[in-house]
Amino acid sequence: MKYLNYILVLVLFYSCQTDKNSITTFKNLNDSIKTKYAPDKRVAIYDVSYKKAGTNLILEGETDNPLAIEGLKSSLTAKGIVFIDSVSILPEATVGEYTYALANNSASNLRGKGKHSAELVTQVILGTELKVLKNDGSFSLVQTPEKYIAWVDNGGIAFFTKDQLNKWNESELIIYTKTTGNSYQDSDFKIILTDMVLGGKVKLIEELANSFKVEFPDGRVGFLKKDDAEKYKQWLIHLKPSKELVERYAKSLLGSPYLWGGTSTKAMDCSGFVKTVYLMNGFVTPRDASQQILKGEIVDKNLELEGLEKGDLMFFGTKATADKKQRVTHVGIWLGNGKQEFIHSSKRVRLNSMDPTSDAYDAWCGEHYLGSRRYLDVESKELIKL
């Protein structure tokens with residue numbers, strides 16, 4: 001009897017050791033897969049964990065990248081670990097065939113969680129194409145053209161199937177080219193339909209003498225003044241990104257209020273300001289300053305404001321130490337103009353200088369400058385161009 005008890009203890013001991021080894025192996029592999037496929041949770045989803053079922057591991061959670069979970073499963077199998085796959089691949093079944101959406105407001109708010117009280121993390125302007133990942137009936141988890149992932153109130157978007165979206169994109173579109181304004185219910189411009197912001201896009205129904213008759217993503221019909229908008233394809237053909245165009249759009253926003261998460265001409269944060277200015281120069285930039293610094297061409301390596309050209313992005317924050325990585329928290333646009341001048345959204349969109357002797361000197365920026373990047377005239381597959 002003692003011998004049998006001894007054998008049982010050994011079996012249980014080795015079983016526990018095997019379980020511990022399996023779990024340790026899973027955690028190591030899982031961390032490795034997450035680092036490879038989803039190092040930035042703002043633009044990729046990989047939330048995979050496990051629970052025990054006897055001697056098996058049940059994989060659970062979700063990801064928007066099938067390759068990621070396949071990589072984990074292959075690695076577990078190669079290690080001889082038995083598992084049951086219960087991981088959801090986004091888009092979820094809740095989305096159905098409506099896997100796309102278009103922003104339906106002048107600026108639709110995207111939040112960190114699916115509720116109105118959650119943090120505003122970004123905005124998308126009218127006509128922006130979104131990939132729909134989840135739908136809970138009131139909010140949807142969506143992904144923007146720059147891959148940013150957040151929740152939007154379903155009242156701020158119109159849902160599309162792939163075929164419907166293709167038809168929309170094949171139609172003639174109109175882009176709004178005034179800083180802010182309105183669309184109207186009538187061609188006499190007497191009754192407002194909705195407000196408009198720079199860069200918003202709608203579908204052309206008919207060109208009239210003084211207006212464009214247009215359709216919004218949700219099917220509403222309205223009118224835009226011809227002086228306030230342009231046919232999108234013609235606008236793209238004539239668009240010539242330049243230092244001067246960057247400065248023109250940037251200065252057109254002077255005095256605009258600061259809004260954390262804002263990316264429209266109504267109000268904007270620092271990176272949202274950069275995003276708006278560069279959108280009108282034909283670029284879809286990354287959303288946040290800490291992402292924008294990773295793109296384009298490095299300039300001013302010695303941090304001496306040498307070689308900077310109008311339109312270069314300037315980054316600010318906390319410099320790296322032996323214990324901590326560099327932390328980028330702010331971005332502006334270098335203008336130079338013989339004054340070491342730059343423009344940024346801080347309290348409001350404003351002009352400042354990097355020259356300590358200038359009345360416009362910004363001491364915080366001067367002391368927290370981290371370097372600059374150039375997007376204009378740079379050939380890079382990483383930069384998304386319209």
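Predicted model: local features only at pLDDT ≥ 70, side-chain atom pairs only at ≥ 80, totals over all residues.
Reader: Understood. What is the bridge partner of Arg111 in E9?

Author: The partner of Arg111 is Trp151. Strand E5, residues 107–111, is joined to E9 by two bridges, and these strands run antiparallel.

Reader: And how many bridges join E8 to E9?

Author: Five bridges join strand E8, residues 139–143, to E9, again in an antiparallel arrangement. One of the residues involved is Val142, whose bridge partner in E9 is Ala150.

Reader: What do E8 and E9 form, and how many residues are between them?

Author: E8 and E9 form a hairpin, with five residues between them. In the turn, Lys147 has a positive phi of about 80 degrees.

Reader: Why is E9 largely enclosed by the rest of the structure?

Author: Strand E9 covers residues 149–153, and four of its five residues are buried, so the strand is largely enclosed.

Reader: A change of topic: is Lys231 buried or exposed?

Author: Lys231 is buried, because its relative accessible area is 15%, and buried means under 20%. Lys231 lies in strand E17, residues 229–231.

Reader: Which residues does Lys231 touch?

Author: Leaving aside residues up to four places away in sequence, Lys231 touches Glu172, Leu173, Ile174, Leu204, Glu207 and Phe212.

Reader: Lastly, which residues of helix H5 are buried, and what do they pack against?

Author: In H5, residues 243–252, the buried residues include Leu245, Val246 and Tyr249. The buried residues of H5 pack against helix H6 (270–279) and strands E23 (327–336), E24 (341–346) and E25 (348–353).

How values were computed: Residues numbered from 1 in each chain as written. Heavy atoms only, no water. Buried < 20%, exposed > 50% of the residue type's maximum accessible area, 1.4 Å probe, protein only. Contact = heavy atoms within 4.5 Å. Pairing = 2+ DSSP bridges.
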